[in-house]
Amino acid sequence: MDKLSLLQARRQQLVGFGAEIRKKIAELVDEQSLVELDRFSFSKNEFYGEDVPGEGVVTGFATVNDFPCYVVAVNSQVLSGGLTNAGCKKIVKCLDKALTANAPVIYLLSSKGVVAGEGVSALEGVSEVLAKMDDLKGYVPQFAVCLGDVLGQASIFVAIADYAYYMKDSCVAYGSPLVISAKSGKALDKAAFGAKSGTFNGLVTFEVSDIAEVKESISDILDILPNYGGVSLETMDDANRNAPELNEKADAESLIKAVFDENYFVELNGKFAAEVVTGIGRIGGYSVAALIFDGDNGVELTKENIAKIKDFMYYADENDLPVVTFVNTLGIKNDFNTYNSTILKDVASLVYSLKTDMPKVNVIYGKAIGLGYTLFGSKNFGVDYSFAFANAKVSLFDENVGAELEMVGKDGDFEQLKARYEDEQMDAFAAAKCGYIDNVIEPEYVRQYVISALQMLL
(Lines give C-alpha, C1' and ligand atoms only; values in the text may rest on other atoms or scores of the structure.)
Protein backbone atom coordinates (compact mmCIF):
# COMPACT_ATOMS: atom_id res chain seq x y z
CA MET A 1 0.00 0.00 0.00
CA ASP A 2 1.43 3.43 -0.95
CA LYS A 3 1.87 6.07 1.74
CA LEU A 4 -1.07 8.21 0.60
CA SER A 5 -3.42 5.24 0.67
CA LEU A 6 -2.06 4.22 4.06
CA LEU A 7 -2.66 7.73 5.40
CA GLN A 8 -6.24 7.66 4.18
CA ALA A 9 -6.77 4.23 5.79
CA ARG A 10 -5.37 5.47 9.10
CA ARG A 11 -7.56 8.57 8.98
CA GLN A 12 -10.61 6.43 8.35
CA GLN A 13 -9.72 4.27 11.33
CA LEU A 14 -9.53 7.33 13.58
CA VAL A 15 -12.83 8.64 12.26
CA GLY A 16 -14.42 5.33 13.19
CA PHE A 17 -13.10 5.49 16.74
CA GLY A 18 -14.09 9.14 17.19
CA ALA A 19 -17.23 9.67 15.12
CA GLU A 20 -19.42 10.57 18.09
CA ILE A 21 -17.04 12.99 19.79
CA ARG A 22 -16.13 14.67 16.49
CA LYS A 23 -19.83 15.27 15.91
CA LYS A 24 -20.01 17.04 19.27
CA ILE A 25 -16.95 19.12 18.41
CA ALA A 26 -18.50 20.07 15.07
CA GLU A 27 -21.62 21.32 16.87
CA LEU A 28 -19.46 23.51 19.10
CA VAL A 29 -16.94 25.10 16.74
CA ASP A 30 -17.40 27.16 13.60
CA GLU A 31 -17.78 25.15 10.42
CA GLN A 32 -14.52 23.59 9.16
CA SER A 33 -12.45 25.60 11.64
CA LEU A 34 -11.03 22.67 13.65
CA VAL A 35 -7.37 21.84 13.18
CA GLU A 36 -6.57 18.64 15.07
CA LEU A 37 -3.38 18.21 17.08
CA ASP A 38 -1.49 14.92 17.57
CA ARG A 39 -4.10 13.12 15.55
CA PHE A 40 -2.13 9.88 15.33
CA SER A 41 -0.98 9.82 18.94
CA PHE A 42 -1.47 6.38 20.54
CA SER A 43 0.25 3.92 22.83
CA LYS A 44 0.03 0.23 23.64
CA ASN A 45 -2.35 -0.50 26.50
CA GLU A 46 -1.09 -3.69 28.14
CA PHE A 47 -4.19 -4.19 30.30
CA TYR A 48 -6.54 -4.24 27.33
CA GLY A 49 -3.99 -5.73 24.93
CA GLU A 50 -4.69 -3.30 22.12
CA ASP A 51 -3.50 -0.10 20.54
CA VAL A 52 -5.80 2.79 21.39
CA PRO A 53 -5.78 5.40 18.61
CA GLY A 54 -5.70 8.90 20.03
CA GLU A 55 -5.84 7.47 23.58
CA GLY A 56 -9.48 8.44 23.67
CA VAL A 57 -8.69 12.17 23.53
CA VAL A 58 -9.20 14.53 20.59
CA THR A 59 -7.42 17.89 20.80
CA GLY A 60 -7.15 20.83 18.42
CA PHE A 61 -7.78 24.50 17.86
CA ALA A 62 -10.76 26.16 16.21
CA THR A 63 -12.97 29.23 16.37
CA VAL A 64 -16.19 29.51 18.36
CA ASN A 65 -18.30 32.34 16.93
CA ASP A 66 -15.00 33.75 15.62
CA PHE A 67 -13.17 33.53 18.98
CA PRO A 68 -10.01 31.35 18.67
CA CYS A 69 -10.17 28.49 21.19
CA TYR A 70 -8.46 25.19 21.96
CA VAL A 71 -10.55 22.05 22.37
CA VAL A 72 -9.90 18.99 24.55
CA ALA A 73 -12.50 16.29 23.95
CA VAL A 74 -12.49 13.02 25.91
CA ASN A 75 -13.80 10.26 23.65
CA SER A 76 -16.24 8.02 25.55
CA GLN A 77 -16.11 5.49 22.68
CA VAL A 78 -12.55 4.52 23.63
CA LEU A 79 -12.01 2.80 27.00
CA SER A 80 -15.22 4.46 28.29
CA GLY A 81 -13.42 7.80 28.16
CA GLY A 82 -10.80 6.45 30.55
CA LEU A 83 -7.85 8.71 31.31
CA THR A 84 -4.46 7.21 30.40
CA ASN A 85 -0.97 8.57 30.84
CA ALA A 86 -0.52 9.14 27.11
CA GLY A 87 -3.93 10.76 26.80
CA CYS A 88 -3.11 13.10 29.66
CA LYS A 89 0.18 14.05 28.05
CA LYS A 90 -1.75 14.87 24.88
CA ILE A 91 -4.04 17.15 26.91
CA VAL A 92 -1.04 18.89 28.52
CA LYS A 93 0.51 19.58 25.11
CA CYS A 94 -2.74 21.22 24.03
CA LEU A 95 -2.89 23.31 27.20
CA ASP A 96 0.68 24.48 26.67
CA LYS A 97 -0.27 25.72 23.21
CA ALA A 98 -3.36 27.47 24.59
CA LEU A 99 -1.28 29.25 27.21
CA THR A 100 1.22 30.40 24.59
CA ALA A 101 -1.57 31.64 22.32
CA ASN A 102 -3.56 33.19 25.21
CA ALA A 103 -6.60 31.31 23.90
CA PRO A 104 -9.48 29.83 25.94
CA VAL A 105 -9.77 26.07 26.42
CA ILE A 106 -13.00 24.11 26.09
CA TYR A 107 -13.15 20.61 27.60
CA LEU A 108 -15.79 18.20 26.33
CA LEU A 109 -15.98 15.59 29.06
CA SER A 110 -17.46 12.11 29.32
CA SER A 111 -15.25 9.79 31.34
CA LYS A 112 -15.39 6.98 33.87
CA GLY A 113 -12.08 8.14 35.38
CA VAL A 114 -8.58 6.70 35.09
CA VAL A 115 -7.89 3.43 33.25
CA ALA A 116 -7.35 0.80 35.91
CA GLY A 117 -4.75 -1.22 34.02
CA GLU A 118 -2.23 1.63 33.95
CA GLY A 119 -1.94 1.89 37.70
CA VAL A 120 0.17 4.75 39.01
CA SER A 121 1.13 5.84 35.47
CA ALA A 122 -2.44 7.01 34.90
CA LEU A 123 -2.38 8.90 38.21
CA GLU A 124 0.85 10.60 37.17
CA GLY A 125 -0.83 11.68 33.95
CA VAL A 126 -3.86 13.11 35.75
CA SER A 127 -1.68 15.03 38.22
CA GLU A 128 0.20 16.55 35.27
CA VAL A 129 -3.08 17.71 33.72
CA LEU A 130 -4.35 19.17 37.00
CA ALA A 131 -1.10 21.05 37.54
CA LYS A 132 -1.24 22.46 34.01
CA MET A 133 -4.90 23.44 34.34
CA ASP A 134 -3.98 25.34 37.48
CA ASP A 135 -1.15 27.07 35.58
CA LEU A 136 -3.76 28.39 33.15
CA LYS A 137 -5.87 29.96 35.92
CA GLY A 138 -5.78 33.71 35.62
CA TYR A 139 -4.32 33.58 32.11
CA VAL A 140 -6.91 31.89 29.87
CA PRO A 141 -10.56 30.97 30.57
CA GLN A 142 -11.37 27.27 30.85
CA PHE A 143 -14.82 25.89 30.02
CA ALA A 144 -15.83 22.36 31.07
CA VAL A 145 -18.80 20.86 29.21
CA CYS A 146 -20.17 17.74 30.91
CA LEU A 147 -21.63 15.64 28.09
CA GLY A 148 -22.53 12.63 30.24
CA ASP A 149 -20.93 10.82 33.15
CA VAL A 150 -17.80 12.54 34.47
CA LEU A 151 -16.59 10.32 37.27
CA GLY A 152 -13.56 9.74 39.44
CA GLN A 153 -10.60 12.03 38.99
CA ALA A 154 -12.05 13.43 35.76
CA SER A 155 -14.57 15.25 37.98
CA ILE A 156 -11.74 17.44 39.28
CA PHE A 157 -11.35 18.85 35.75
CA VAL A 158 -14.86 20.26 36.20
CA ALA A 159 -13.97 21.80 39.56
CA ILE A 160 -10.79 23.51 38.29
CA ALA A 161 -12.41 24.94 35.15
CA ASP A 162 -13.72 28.50 35.41
CA TYR A 163 -17.12 27.56 33.97
CA ALA A 164 -18.96 24.22 34.15
CA TYR A 165 -21.84 23.36 31.83
CA TYR A 166 -24.17 20.53 32.81
CA MET A 167 -26.37 18.87 30.20
CA LYS A 168 -29.71 17.34 31.15
CA ASP A 169 -28.18 13.89 31.67
CA SER A 170 -24.84 15.01 33.12
CA CYS A 171 -23.59 13.15 36.17
CA VAL A 172 -20.47 14.44 37.94
CA ALA A 173 -19.09 12.60 40.96
CA TYR A 174 -15.71 11.80 42.51
CA GLY A 175 -16.79 8.15 42.90
CA SER A 176 -19.38 5.76 41.53
CA PRO A 177 -22.90 7.11 42.18
CA LEU A 178 -23.94 3.57 43.12
CA VAL A 179 -21.19 3.31 45.73
CA ILE A 180 -21.90 6.79 47.12
CA SER A 181 -25.60 5.90 47.38
CA ALA A 182 -24.89 2.60 49.12
CA LYS A 183 -22.45 4.09 51.63
CA SER A 184 -24.88 6.92 52.33
CA GLY A 185 -27.72 4.48 52.95
CA LYS A 186 -29.86 6.31 50.39
CA ALA A 187 -31.47 5.30 47.13
CA LEU A 188 -30.12 8.22 45.09
CA ASP A 189 -30.99 8.45 41.43
CA LYS A 190 -28.57 9.75 38.82
CA ALA A 191 -30.20 13.20 38.86
CA ALA A 192 -28.85 13.73 42.39
CA PHE A 193 -25.39 13.97 40.81
CA GLY A 194 -26.52 16.23 37.99
CA ALA A 195 -27.36 19.91 37.63
CA LYS A 196 -29.51 20.09 40.75
CA SER A 197 -26.45 19.22 42.84
CA GLY A 198 -25.21 22.73 42.12
CA THR A 199 -27.47 23.99 44.91
CA PHE A 200 -25.10 22.29 47.36
CA ASN A 201 -21.68 21.89 45.75
CA GLY A 202 -21.25 25.14 43.82
CA LEU A 203 -19.93 23.33 40.73
CA VAL A 204 -22.72 24.10 38.26
CA THR A 205 -22.13 27.38 36.47
CA PHE A 206 -24.81 26.74 33.86
CA GLU A 207 -27.46 24.13 33.12
CA VAL A 208 -27.89 23.82 29.34
CA SER A 209 -29.98 21.80 26.94
CA ASP A 210 -27.57 21.33 24.04
CA ILE A 211 -24.18 22.18 22.55
CA ALA A 212 -25.64 25.13 20.61
CA GLU A 213 -26.54 26.78 23.92
CA VAL A 214 -22.99 26.16 25.18
CA LYS A 215 -21.56 27.79 22.07
CA GLU A 216 -23.64 30.94 22.50
CA SER A 217 -22.85 31.14 26.20
CA ILE A 218 -19.10 30.84 25.65
CA SER A 219 -19.12 33.61 23.04
CA ASP A 220 -21.28 35.81 25.32
CA ILE A 221 -18.74 35.41 28.13
CA LEU A 222 -15.73 36.04 25.88
CA ASP A 223 -17.48 39.12 24.52
CA ILE A 224 -17.58 40.51 28.07
CA LEU A 225 -14.12 39.52 29.32
CA PRO A 226 -11.75 42.46 28.73
CA ASN A 227 -8.92 40.29 27.36
CA TYR A 228 -11.16 39.06 24.54
CA GLY A 229 -14.04 41.50 24.04
CA GLY A 230 -12.10 44.59 25.15
CA VAL A 231 -12.23 46.70 28.31
CA SER A 232 -14.81 48.92 26.63
CA LEU A 233 -17.26 48.10 23.86
CA GLU A 234 -19.95 50.13 22.15
CA THR A 235 -23.16 48.37 23.20
CA MET A 236 -25.57 50.95 21.77
CA ASP A 237 -27.34 51.29 25.14
CA ASP A 238 -28.15 54.76 26.45
CA ALA A 239 -25.72 55.63 29.24
CA ASN A 240 -28.17 58.19 30.62
CA ARG A 241 -31.32 56.12 30.89
CA ASN A 242 -32.82 56.14 34.37
CA ALA A 243 -34.97 53.70 36.31
CA PRO A 244 -37.63 55.43 38.43
CA GLU A 245 -38.96 52.05 39.58
CA LEU A 246 -35.87 51.73 41.79
CA ASN A 247 -37.18 54.60 43.91
CA GLU A 248 -39.97 52.30 45.05
CA LYS A 249 -38.20 48.93 45.28
CA ALA A 250 -34.84 47.49 44.34
CA ASP A 251 -33.74 43.87 44.13
CA ALA A 252 -31.23 41.90 42.06
CA GLU A 253 -33.52 41.54 39.07
CA SER A 254 -34.46 45.23 38.90
CA LEU A 255 -30.87 46.36 39.48
CA ILE A 256 -29.55 44.17 36.66
CA LYS A 257 -32.20 45.52 34.31
CA ALA A 258 -31.60 49.14 35.34
CA VAL A 259 -27.81 49.25 35.59
CA PHE A 260 -26.40 46.82 33.01
CA ASP A 261 -26.36 47.35 29.27
CA GLU A 262 -29.17 45.48 27.57
CA ASN A 263 -28.27 41.83 26.82
CA TYR A 264 -24.90 42.21 28.54
CA PHE A 265 -25.25 40.37 31.83
CA VAL A 266 -24.38 36.71 32.46
CA GLU A 267 -25.18 35.22 35.86
CA LEU A 268 -22.69 32.64 37.14
CA ASN A 269 -23.41 29.78 39.57
CA GLY A 270 -27.01 30.85 40.02
CA LYS A 271 -28.07 27.66 41.84
CA PHE A 272 -25.55 27.93 44.69
CA ALA A 273 -26.22 30.39 47.55
CA ALA A 274 -28.82 32.08 45.36
CA GLU A 275 -29.26 34.97 47.82
CA VAL A 276 -25.93 36.29 46.52
CA VAL A 277 -26.07 36.89 42.77
CA THR A 278 -22.74 36.85 40.95
CA GLY A 279 -22.24 37.66 37.29
CA ILE A 280 -20.36 39.56 34.62
CA GLY A 281 -21.57 42.14 32.18
CA ARG A 282 -21.07 45.56 30.69
CA ILE A 283 -22.15 48.90 32.16
CA GLY A 284 -21.84 51.83 29.79
CA GLY A 285 -19.77 49.49 27.62
CA TYR A 286 -17.27 48.71 30.41
CA SER A 287 -16.61 45.09 31.43
CA VAL A 288 -17.41 44.48 35.10
CA ALA A 289 -17.97 41.74 37.63
CA ALA A 290 -21.04 42.24 39.80
CA LEU A 291 -21.86 41.02 43.29
CA ILE A 292 -25.49 41.59 44.29
CA PHE A 293 -26.92 40.77 47.71
CA ASP A 294 -30.56 39.92 47.09
CA GLY A 295 -33.03 39.73 49.93
CA ASP A 296 -36.10 41.55 51.22
CA ASN A 297 -34.56 42.19 54.62
CA GLY A 298 -30.86 41.93 53.89
CA VAL A 299 -28.64 38.87 53.42
CA GLU A 300 -27.13 37.09 56.40
CA LEU A 301 -23.63 35.67 55.91
CA THR A 302 -23.23 31.88 55.84
CA LYS A 303 -20.44 29.44 54.99
CA GLU A 304 -22.01 28.88 51.60
CA ASN A 305 -22.41 32.47 50.45
CA ILE A 306 -19.01 33.43 51.86
CA ALA A 307 -17.44 30.63 49.80
CA LYS A 308 -19.28 31.89 46.72
CA ILE A 309 -18.13 35.47 47.29
CA LYS A 310 -14.50 34.44 47.84
CA ASP A 311 -14.37 32.38 44.66
CA PHE A 312 -15.99 35.18 42.71
CA MET A 313 -13.57 37.82 43.94
CA TYR A 314 -10.63 35.66 42.90
CA TYR A 315 -12.33 35.08 39.55
CA ALA A 316 -12.74 38.83 39.00
CA ASP A 317 -9.11 39.44 39.88
CA GLU A 318 -7.90 36.69 37.54
CA ASN A 319 -9.90 38.15 34.66
CA ASP A 320 -9.00 41.83 35.23
CA LEU A 321 -12.59 42.77 35.98
CA PRO A 322 -13.51 45.74 38.18
CA VAL A 323 -16.05 44.75 40.83
CA VAL A 324 -19.35 46.53 41.43
CA THR A 325 -21.01 45.39 44.67
CA PHE A 326 -24.66 46.10 45.37
CA VAL A 327 -24.95 45.90 49.14
CA ASN A 328 -27.94 44.67 51.12
CA THR A 329 -26.12 42.82 53.83
CA LEU A 330 -26.37 41.98 57.51
CA GLY A 331 -23.86 40.17 59.70
CA ILE A 332 -23.33 36.46 60.33
CA LYS A 333 -26.44 34.31 60.51
CA ASN A 334 -27.43 33.93 64.13
CA ASP A 335 -28.04 30.24 64.78
CA PHE A 336 -26.11 27.51 66.56
CA ASN A 337 -25.31 25.52 63.41
CA THR A 338 -23.57 28.56 61.98
CA TYR A 339 -21.85 29.33 65.27
CA ASN A 340 -20.69 25.72 65.61
CA SER A 341 -18.83 25.82 62.30
CA THR A 342 -15.75 27.42 60.76
CA ILE A 343 -17.68 30.63 60.04
CA LEU A 344 -15.20 32.98 61.76
CA LYS A 345 -12.29 31.43 59.87
CA ASP A 346 -14.35 31.80 56.70
CA VAL A 347 -14.89 35.50 57.39
CA ALA A 348 -11.18 35.94 58.07
CA SER A 349 -10.26 34.40 54.70
CA LEU A 350 -12.98 36.46 53.02
CA VAL A 351 -11.18 39.62 54.15
CA TYR A 352 -8.13 38.53 52.18
CA SER A 353 -10.15 37.93 49.01
CA LEU A 354 -11.77 41.37 49.26
CA LYS A 355 -8.37 43.09 49.17
CA THR A 356 -7.65 42.44 45.49
CA ASP A 357 -6.15 45.28 43.46
CA MET A 358 -8.99 45.53 40.95
CA PRO A 359 -11.04 48.76 40.87
CA LYS A 360 -14.10 48.51 43.11
CA VAL A 361 -17.37 50.42 43.36
CA ASN A 362 -19.86 49.86 46.19
CA VAL A 363 -23.55 50.74 45.99
CA ILE A 364 -25.47 50.36 49.25
CA TYR A 365 -29.01 49.95 47.97
CA GLY A 366 -30.61 48.19 50.94
CA LYS A 367 -29.05 47.55 54.32
CA ALA A 368 -25.43 47.67 55.44
CA ILE A 369 -25.66 46.61 59.06
CA GLY A 370 -22.89 45.59 61.47
CA LEU A 371 -20.42 43.18 59.91
CA GLY A 372 -22.29 43.57 56.63
CA TYR A 373 -21.16 47.20 56.54
CA THR A 374 -17.65 46.39 57.80
CA LEU A 375 -17.01 43.96 54.94
CA PHE A 376 -19.06 45.42 52.08
CA GLY A 377 -19.89 49.01 52.97
CA SER A 378 -16.54 50.30 54.16
CA LYS A 379 -13.90 51.55 51.71
CA ASN A 380 -11.03 50.03 53.69
CA PHE A 381 -10.68 46.98 51.44
CA GLY A 382 -9.64 48.91 48.37
CA VAL A 383 -13.02 50.34 47.38
CA ASP A 384 -12.55 53.36 45.11
CA TYR A 385 -16.07 54.81 45.11
CA SER A 386 -18.95 54.24 47.49
CA PHE A 387 -22.55 55.31 46.91
CA ALA A 388 -25.72 54.81 48.93
CA PHE A 389 -29.35 55.08 47.92
CA ALA A 390 -31.15 57.85 49.78
CA ASN A 391 -33.43 55.24 51.33
CA ALA A 392 -30.62 52.83 52.27
CA LYS A 393 -30.06 51.89 55.90
CA VAL A 394 -26.54 52.04 57.34
CA SER A 395 -25.91 51.40 61.03
CA LEU A 396 -24.32 49.37 63.78
CA PHE A 397 -27.53 47.46 64.58
CA ASP A 398 -30.73 46.62 62.75
CA GLU A 399 -33.89 48.40 63.85
CA ASN A 400 -34.96 45.65 66.27
CA VAL A 401 -31.70 45.47 68.22
CA GLY A 402 -31.22 49.21 67.93
CA ALA A 403 -34.61 49.87 69.48
CA GLU A 404 -33.81 47.49 72.34
CA LEU A 405 -30.31 48.76 73.07
CA GLU A 406 -30.26 52.42 72.13
CA MET A 407 -33.82 53.60 72.71
CA VAL A 408 -34.15 52.37 76.28
CA GLY A 409 -35.88 54.93 78.48
CA LYS A 410 -37.29 56.91 75.57
CA ASP A 411 -41.00 57.45 75.13
CA GLY A 412 -43.08 55.29 72.82
CA ASP A 413 -43.92 51.64 72.24
CA PHE A 414 -41.50 49.24 70.56
CA GLU A 415 -42.72 49.90 67.02
CA GLN A 416 -42.38 53.65 67.56
CA LEU A 417 -38.88 53.18 68.95
CA LYS A 418 -37.94 51.04 65.93
CA ALA A 419 -39.18 53.75 63.58
CA ARG A 420 -37.32 56.40 65.55
CA TYR A 421 -34.08 54.36 65.49
CA GLU A 422 -34.41 53.89 61.73
CA ASP A 423 -34.97 57.60 61.22
CA GLU A 424 -32.23 58.84 63.53
CA GLN A 425 -29.54 56.14 63.45
CA MET A 426 -29.84 54.28 60.12
CA ASP A 427 -29.85 57.21 57.71
CA ALA A 428 -27.10 56.88 55.08
CA PHE A 429 -26.49 60.64 55.31
CA ALA A 430 -24.88 60.14 58.73
CA ALA A 431 -22.21 57.90 57.19
CA ALA A 432 -21.79 60.32 54.29
CA LYS A 433 -21.30 63.27 56.67
CA CYS A 434 -18.44 61.35 58.28
CA GLY A 435 -16.83 60.88 54.86
CA TYR A 436 -17.40 57.12 54.77
CA ILE A 437 -19.70 57.26 51.73
CA ASP A 438 -18.84 59.39 48.70
CA ASN A 439 -22.38 60.28 47.71
CA VAL A 440 -26.01 59.63 48.61
CA ILE A 441 -28.00 59.30 45.40
CA GLU A 442 -31.50 58.97 44.04
CA PRO A 443 -31.93 55.28 43.18
CA GLU A 444 -33.22 55.94 39.66
CA TYR A 445 -29.89 57.50 38.61
CA VAL A 446 -27.62 54.71 39.84
CA ARG A 447 -26.60 53.68 36.30
CA GLN A 448 -25.18 57.12 35.57
CA TYR A 449 -23.25 57.24 38.84
CA VAL A 450 -21.71 53.82 38.32
CA ILE A 451 -20.74 54.64 34.73
CA SER A 452 -19.12 57.88 35.89
CA ALA A 453 -17.07 56.00 38.48
CA LEU A 454 -15.98 53.41 35.91
CA GLN A 455 -14.94 56.18 33.50
CA MET A 456 -12.70 57.64 36.19
CA LEU A 457 -11.22 54.26 37.13
CA LEU A 458 -10.75 52.71 33.69
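A salt bridge, as I use the term, is a side-chain nitrogen of Lys or Arg within 4 Å of a carboxyl oxygen of Asp or Glu.

The model is a predicted one, where local features need pLDDT of at least 70, side-chain atom pairs count only at pLDDT 80 or more, and totals for chains, interfaces and linings use all residues. Residues are numbered from 1 along each chain as its sequence is written, and side-chain values use heavy atoms, with hydrogens and water left out.

Salt bridges. I noted a count of 13 salt bridges. I looked up Arg22 and found its side chain in a salt bridge with that of Glu36 (2.9 Å, N to O). This pair links distant parts of the chain, with Arg22 in helix α2 and Glu36 in strand β1, 14 residues apart. Helices (H or I, at least four residues) and strands (E, at least two) are DSSP runs, numbered from the N terminus.

Burial. I take buried as under 20% relative accessible area, exposed as over 50%, and partly exposed as in between (1.4 Å probe, protein chains only). Arg22 counts as buried because its relative accessibility is 18%.

Lys215 and Asp30. I found a salt bridge between Lys215 and Asp30, with the closest N and O atoms 3.2 Å apart. Lys215 lies in helix α8 and Asp30 in the loop between α2 and β1, so the pair ties together parts 185 residues apart in sequence. Both Lys215 and Asp30 are buried.

Asp237 and Arg241. I recorded a salt bridge between their side chains (3.0 Å, N to O). Arg241 is partly exposed, at 22% relative accessible area.
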